[in-house]
Protein chains: 4
Amino acid sequence: MATPQFKQLRHSYGFDDVAIVPGDVTINPDQTNIDFKVEGFTFSIPVIASAMDAVTDVNFAILMSKLGGLAVLNLEGLQTRYDNPQAILSQIAQASDAEITPLLQKVYSQPIKENLIAERIQAIKKVGAVCAVSVAPANTKRFAPIAAEAKADIFIVQSTVTSARHISKSYRGLIFSELRKSIPMPIIVGNCVSYSACLELMRTGIAGVLVGVGPGAACTTREVLGVGVPQITATMDCAAARDEYQRESGKYVPIITDGGFRKGGHLCKAFAAGADAVMIGSILAQAKEAPGLGYHWGMSHPHPAHPRRTRIKVGTTGSREQILIGPASVTDGSQNLVGAVRTALGICGVRTIQEMHKVEMVVAPSITTEGKWWQLSSH
Amino acid sequence: MATPQFKQLRHSYGFDDVAIVPGDVTINPDQTNIDFKVEGFTFSIPVIASAMDAVTDVNFAILMSKLGGLAVLNLEGLQTRYDNPQAILSQIAQASDAEITPLLQKVYSQPIKENLIAERIQAIKKVGAVCAVSVAPANTKRFAPIAAEAKADIFIVQSTVTSARHISKSYRGLIFSELRKSIPMPIIVGNCVSYSACLELMRTGIAGVLVGVGPGAACTTREVLGVGVPQITATMDCAAARDEYQRESGKYVPIITDGGFRKGGHLCKAFAAGADAVMIGSILAQAKEAPGLGYHWGMSHPHPAHPRRTRIKVGTTGSREQILIGPASVTDGSQNLVGAVRTALGICGVRTIQEMHKVEMVVAPSITTEGKWWQLSSH
Amino acid sequence: MATPQFKQLRHSYGFDDVAIVPGDVTINPDQTNIDFKVEGFTFSIPVIASAMDAVTDVNFAILMSKLGGLAVLNLEGLQTRYDNPQAILSQIAQASDAEITPLLQKVYSQPIKENLIAERIQAIKKVGAVCAVSVAPANTKRFAPIAAEAKADIFIVQSTVTSARHISKSYRGLIFSELRKSIPMPIIVGNCVSYSACLELMRTGIAGVLVGVGPGAACTTREVLGVGVPQITATMDCAAARDEYQRESGKYVPIITDGGFRKGGHLCKAFAAGADAVMIGSILAQAKEAPGLGYHWGMSHPHPAHPRRTRIKVGTTGSREQILIGPASVTDGSQNLVGAVRTALGICGVRTIQEMHKVEMVVAPSITTEGKWWQLSSH
Amino acid sequence: MATPQFKQLRHSYGFDDVAIVPGDVTINPDQTNIDFKVEGFTFSIPVIASAMDAVTDVNFAILMSKLGGLAVLNLEGLQTRYDNPQAILSQIAQASDAEITPLLQKVYSQPIKENLIAERIQAIKKVGAVCAVSVAPANTKRFAPIAAEAKADIFIVQSTVTSARHISKSYRGLIFSELRKSIPMPIIVGNCVSYSACLELMRTGIAGVLVGVGPGAACTTREVLGVGVPQITATMDCAAARDEYQRESGKYVPIITDGGFRKGGHLCKAFAAGADAVMIGSILAQAKEAPGLGYHWGMSHPHPAHPRRTRIKVGTTGSREQILIGPASVTDGSQNLVGAVRTALGICGVRTIQEMHKVEMVVAPSITTEGKWWQLSSH
């Protein structure tokens, strides 16, 4: 009998499956530099706020830029459908559980106003903040020129899974190399999770790649479609693509791990896995300045194979600044994310995010539900 | 001392242990073709309803055929024991928990009426639907000629574990190569889970193989007998047998993964593991048209080593059409199964089920019970 | 820098970590032969009742022998300390939780009466039943001659871990090769879990080996001492030792997997791992004829490093015969253990326990707590 | 396409992921010698009490020394900030949950009094006990001469992660080879977890290394920073460094596994992994003589990236002597730790801790939450 040729499966890992090994040298956290650079822009903190209506509006984009990071305004959300999105956000926060699904369906069925796209971008730009905007691939050709005209700084094309080549009978697929020539802004594209998909995206000449499909074990994409790769493996594989692309082209295209973060340790592990920056949504929706007013909801377009939008109460735990820069007022690792990253770099004895890519990680048993009193530290 | 020769154990995986890696190309779901072919029959959706009394009766077999799939009528269930099975189904649904075990024992101890076999088959056939029927190996010689006479289209021989060679002192084992010659219908046989057992079954000349013994970690066969292989590994191994059999014979014999499905993601993973079609029971028992009226029960013959029949309340979540074709009214992935399969193919950049067999999967950490708010997607 | 020489750890597996792969052939269960042989004795069922006071007394030893199995009378338990042990067993069953610990300490501090050893053995022998007795290593020299004199059939020396060589300053270690010459009965020794320890025990000329230290993930030995090997790995390793010993000596010394069993599937897996017989306690303590009257407690001698005795309510689920031979009245796999073993052999296509040693097993995901309705079988 | 160069991850294991394999020989526990030696000092039990205010004060340091072990006085805790620390300890124990955080912040903000350092050391020394003291790296240059002057016996430099080379702009890093020349005491340094970091620390000429960063899956360092290695792997790797250092230098530098212990089995496994001694805190805080009066809290310095101090109620389970030497009054393995270690050595057939380093361990399935009645032992 011939040797059976069974399909082979690689093992993959998420944030809670791994741990970072400290270094042979230690460095004071204040000696670290955690700059994130993307095609001409340098951010002093490598954290990007998601393009979600409960997370990013004009005010927050400005605040995030001041703190040294970046926020992404979703050009297909409430901000560009309503002159006064605050009123809609209040309605969402005040709706009962029974009212919320039809309300969300209704408010997102309003048409996008092109003049509001320009208005929102200009409101961010006029105070000197960096302005990043996002659209889905299908609307890119329509909105990219408007964003370019309004002088947005960074243009993001994002869907659950975006590939360099999309095959459709209803419209011609988006060609990123053509898009790149048609607008003057750096283009970031996502999401992807594999070495080859990431490498192919980079070869189109884009400025950055968003990494993450089905992050976290329980996410909808994995439940409904079975598709997804846990974020540590996805980040490691796309980092390998980035390094390969640098070898072949001489160009360093950063990768941004997007999704699944719940605490500082997760950010540190993403950087150790190879991320250049992280995109976070839910943790920031817990800020008292968040447009979501203590609630959060997904931005996916309704799709017959996808569940509908759900609103979730995330609560309010502190200010945006506390969450990003500290001091922490909670002990679960969801605040002072930047301090955690700097401290982890110091403990690993590295000075930059790129050096952090090389530190050792181990697969560690997942978190138990046993009590924690024996974990107190004497030092 | 000699080197100890320890028994070696391979690792095996179930639906919740793996995840599908998206492709380098993406395709619009409407560009996919998910046909399932078995010896002269082509079904436009690769979904088969189980031969269980709570799932398939004449009406449903017709409905399933109209939707493009297939349903299997169990020739040893209530439909062939009672002129009016609806009355018995109502009794089962209305029985109290205390009454149910003796009631099930009683209703299944009625003799099978051969005239009803013909009647049920003809009722399905007369409206132009495809009719598949199933019997246990021990009754195959008795019922196969009746089913053939009544012009059933597809004949299924199914037990917990069916092998090409069964050794018994009380009756001569069923020889599938002989059966194949004696009846004009394609024969599908199951269940099996290993490469060698599947290959041996295929070599008898049958038209298809059902895959799955003890699917799911908590199933009775695994509890009581310790026997079973998780469905992803079982499917991958039998797919390897199918491919080997094609190499040696030139004939492509499809495999049908049977059992353990709870949501769309599970179907997508079965196809990525190598299934040509899937057989589902419990999800369909939740349909408002289901004969089980919101209840479900196993069809195993009472056996001293097996637990007795148990009735379980599954509830009613939507119409058969919603469950199969959508739109989904629930968010747990148990509806619009076909849409999920098409979307997964699109995300993987493949056009057919057979191309789906080649997509990459990873072993991913199993589903956690942690909250889900950080899983909301911006895209 | 030299390559670090890290300590290597093998993976080990327990009953719930593995599953048996069905065979390429199937056999009717009534065609199987599950005889267990140990030095001149043949038992028609390969099940031995533990030497525990809640499990085995004279009556049960007789019953077990009639059913074709074997029960072991503990010569250091209540049966040999009290003329009327039933009275003590009643007290234990009726004691409150507050009273039980001092009561157990008190009743086991009574001296062992040598005349009762002979009396109990003769009571079993006079009705023609096979009589097996057990003692701890430290008392072997004292009680072995008494058991021999009373014509016990099989002599078992058992402690948590027993090795071929024990080093002590207070007494000269037990030499099994000498013991074997001094008494006419077959000697079974345990417990051990590793290849080398098992092989060394076999080389002393004993008739059988008990396998199992710290069976089950939560057992006391593993909690308090960190010592133990899960039963599937322990059985596979000791089976390798048995096979090696047969190669070097021509003698087949059976191994008996002892401990951790909760249901039929566990027995089937032990045999697939290489066991010749299984020793069960707790499942049998649930019988209505059990001396423990619905309670169960450990027999370990109090030891400063061990927790004290604890009484546990196991309840009463059926008769001994139901538990062993069926028919089952419960659906959790804890009844009709013998039927489960025969059915598993049939599904694997093997006729004997020794052929069962060669069937394939896989590492399978551990049992989940998710609902079970999707596990119902159509066949 | 070039072969992708993915980052590689080793697997790591904690106490509950492994089990010890019994030996081929067994030894009576009273034949074992569990001495722990560190540069001229010999302790008859290899257990060190942590430098935590809820665990070690002058009285306990004396008691621990009498029992044959060692306790470490934290020179930056309450004992050196207050003339009467008992009053503060009472306040902490009596504070309400609302009061505790500000209270802990307040009491630890009092300055350290250098005269109290000398006083505490002399109080321990004057009764003939061995005195070990600890400081953080940043305060080492200031407090080391005072401890030396007061004739402390052993000097410990401890922080979450301590490396041989620390880079800081605010102060010149501590050079252990210089420190060693400046004070006459043996120096123990920690914590570290990797082969290379441990080896580099040993090459500075220190007397011992503390092993453990983020022990336990749920510890704060792993949550907030993502940094840590489970203790079995950390101990095995540092043991490999110790053995390598002995090969290159001829000097045996012991390693002390610190943190994460909850029961006797954990200690036994640490020794089997290669530890020469263990440092425990929380289990000892449960003693009725503990300064914490049934409470326990971490000693970490407040840090923007770290959660603040939390007080946890651990309760009081027995005397220090019961916990260390027995007899045990509880059944969870948290008492008679020394008896457990001796018994484990005996079961493994080894006489010393260093022989214990060589016993086999296996990766074993983690502890389940299933009931335990089937775990009772007949022997």
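This is a predicted model: local features need pLDDT of at least 70, side-chain atom pairs count only at pLDDT 80 or more; totals for chains, interfaces and linings use all residues.

**First stop: a helix in chain D**

Select residues 114-125 of chain D, which form helix 4. At 1.5 Å a residue, these 12 residues should span 16 Å, and the end C-alpha atoms are 17 Å apart, which agrees. Next, colour D:Ile117, D:Arg120, D:Ile121 and D:Ile124, the buried residues of this helix. Seen down the axis of helix 4 of chain D, the buried residues fall within an arc of 95°, so they line one face of the helix. The general rule behind such a pattern is that an α-helix has 3.6 residues a turn, so residues three or four places apart point the same way.

What covers these buried residues? Show helix 1 (58-66), strand 7 (70-74), strand 8 (132-135) and helix 5 (140-149) of chain D, which are among the covering elements.

**Second stop: where chains C and D meet**

Display both chains: 69 residues of chain C are in contact with 55 residues of chain D. On the side of chain C that touches chain D, helix 8 of chain C supplies the largest share, 5 residues. The residues of that side of chain C divide into 29 nonpolar, 30 polar and 10 charged.

Now select strand 1 of chain C and strand 17 (residues 361-363) of chain D; the two run parallel and are joined by 2 bridges. Within this pair, C:Arg10 stands opposite D:Val362.

Go to C:Val359, in the loop between helix 14 (353-356) and strand 17 (361-363) of chain C. Is C:Val359 buried or exposed? It counts as buried, because it has 22 C-beta neighbours inside 10 Å, and the cut-off for a buried residue is 20 or more. Its contacts include C:Ile20, C:Ala272 and C:Cys348. The C-alpha atoms of C:Val359 and C:Cys348 are separated by 6.9 Å, although the residues are 11 apart along the chain.

**Last stop: backbone geometry**

Most residues other than glycine have a negative phi, and most peptide bonds are trans. Select C:Gly190 and C:Asn191: the peptide bond from one to the other is cis, with omega near 5°. C:Asn191 belongs to strand 11 of chain C. In chain D, a cis peptide bond joins D:Gly190 and D:Asn191, with omega about 5°.

Finally, select D:Lys151, which is not a glycine but has a positive phi of about 70°. D:Lys151 lies in the loop between helix 5 and strand 9 (154-158) of chain D.

Notes. Residues are numbered from 1 along each chain as its sequence is written. Chains are lettered from A and ligands numbered from 1 in the order in which they are written. Helices (H or I, at least four residues) and strands (E, at least two) are DSSP runs, numbered from the N terminus. The expected span of a helix is 1.5 Å times one less than its number of residues. A residue is buried if 20 or more other C-beta atoms lie within 10 Å of its own, exposed if 12 or fewer, and partly exposed in between; C-beta atoms are placed from the backbone. The arc is that of the directions from the helix axis to the C-beta atoms. Two residues are in contact if their C-beta atoms, placed from the backbone, lie within 7 Å. Ala, Val, Leu, Ile, Met, Phe, Trp, Tyr, Cys and Pro count as nonpolar, Asp, Glu, Lys and Arg as charged, and the others, Gly among them, as polar. Two strands pair if DSSP finds at least two bridges between them.
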